Amino acid sequence: MIELSPRHLPAVARWFPAGSPGTAAIGEHVLATGVGRWWADRAVQPRALAASCAGHVVLRGAADLLTPESLAPLAGSRIDAPSRFLPALGAAFDRITPWERMVWTLRTEPQSAPVPFGVTVRRVRRQDADALHALGPDAAWLPATWGGPLGLASSGHAWAATTRRGTVLAVACTYFRGTAYEDVAVYTVPDHRRHRLALACVNALCVDITARGRTPGWNCSVHNRASRLLAWTAGFRLVSEYVHYAVGTPVGGGRLSA
């Protein structure tokens, strides 16, 4: 597949239905933020199309047209694709691992989450970029869909529990921003888990998302019990399940990052 230039994007946006929760919002997020990439089997009148951001890919179109070489740019990604793509993906990569996923949306009132003395839950500001970076490698995935800590801190789409010195203990943010749904992600510093700081941040973020006229969404692994419990406590309810596929390196050897 080839990477599309920005001038081709309006024509391909129709491939991904607007207003859907979960990874369907990746295309909308890439269009809105400019963070991520678009791929197609050809630039004019494409027959297969992919939108990628932070290691997540949505792949749609005609599966039988894709060769292992054409799929190589998607190596190392987690790919949401219909089952008709499985033969092509299996032929293109050295491994393909299915992950069962759950999509939730906010449906009811969340449980309250009072925070400890000396902790404040507030919107993340641009000057918090260094504090987000200080969370370290384990949290690097969180701001990736905004281009990194500075992008997330400047987005206005994150809320954090901070100490008086500005240290971030927990942060919740819009991970993928769609036109109707905003996918929520959250991270808590290990030493401060089980204090409902994540819930407090998620609650504040969801109020913010709702005020923007959108619905908060949640996407997690079927096997991630902690994430499922947090979603339920925050007022989310299950709406659908699907499978995405973690793929390895191309069978041909070379690797291009999506």
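The legends below describe close-up views of a predicted model.

**View 1**
Strands of a sheet pair through backbone hydrogen bonds, either parallel or antiparallel.

**View 2**
Strand β3 (residues 48-53) runs antiparallel to strand β2 (residues 37-40), and four bridges join the two. Arg 37 has Ser 52 of β3 as its bridge partner, and Trp 38 stands opposite Ala 51 in β3. Strand β4 (residues 56-61) is also antiparallel to β3, with six bridges between them. Within this pairing, Ala 50 stands opposite Leu 59 in β4. The strands β3 and β4 form a hairpin with two residues between them. Ala 54, in the turn, has a positive phi of about 55 degrees.

**View 1. Side chains of β3.**
In a regular strand the side chains alternate between the two faces of the sheet. In β3, Ala 48, Ala 50 and Ser 52 point one way, while Leu 49, Ala 51 and Cys 53 point the other way. The strand is mostly covered, with six of its six residues buried.

Helix α7 has 15 residues. The distance from its first C-alpha to its last is 21 Å, close to the 21 Å expected at 1.5 Å a residue. Twelve of the 15 residues are buried, so that α7 is mostly covered. Among the buried residues are Leu 197, Leu 199, Cys 201, Val 202, Leu 205, Cys 206, Asp 208 and Ile 209. Gly 213 follows α7 and has a positive phi, near 85 degrees.

**View 2. Asn 203 in helix α7.**
Asn 203 belongs to α7 (residues 197-211). Its relative accessibility is 14%, and because buried means under 20%, Asn 203 counts as buried. Leaving out residues up to four places away in sequence, Asn 203 touches Pro 110, Gln 111, Ala 113 and Ala 234.

**View 3. The largest pocket.**
The largest pocket holds about 1,100 Å³ of space. It is lined by 35 residues, of which Val 186, Asn 224, Ala 226, Ser 227 and Leu 230 are the closest to its centre. The elements that give two or more residues to this lining are β6, β9 (168-177), β10, α7, β11, α8 and β12.

**View 4. The cavity.**
A search of the whole structure finds one cavity of 30 Å³ or more. The largest cavity has a volume of about 30 Å³. Its lining consists of Leu 132, Leu 135, Ala 139, Leu 142, Pro 143, Leu 152 and Val 171.

Note on methods: Residues are numbered from 1 along each chain as its sequence is written. This is a predicted model: local features need pLDDT of at least 70, side-chain atom pairs count only at pLDDT 80 or more; totals for chains, interfaces and linings use all residues. Side-chain values use heavy atoms; hydrogens and water are left out. Buried means under 20% relative accessible area, exposed over 50%, partly exposed in between (1.4 Å probe, protein chains only). Contact means heavy atoms within 4.5 Å. Two strands pair if DSSP finds at least two bridges between them. The expected span of a helix is 1.5 Å times one less than its number of residues. On a 1 Å grid over the protein atoms alone, a cavity is a set of points where a 1.4 Å probe fits but cannot get out, and a pocket is an open set with protein on both sides within 12 Å along at least five of seven lines; lining residues have an atom within 4 Å of a point. Grid points are joined across faces, edges and corners, and a volume is the space filled by probe spheres set on the points.
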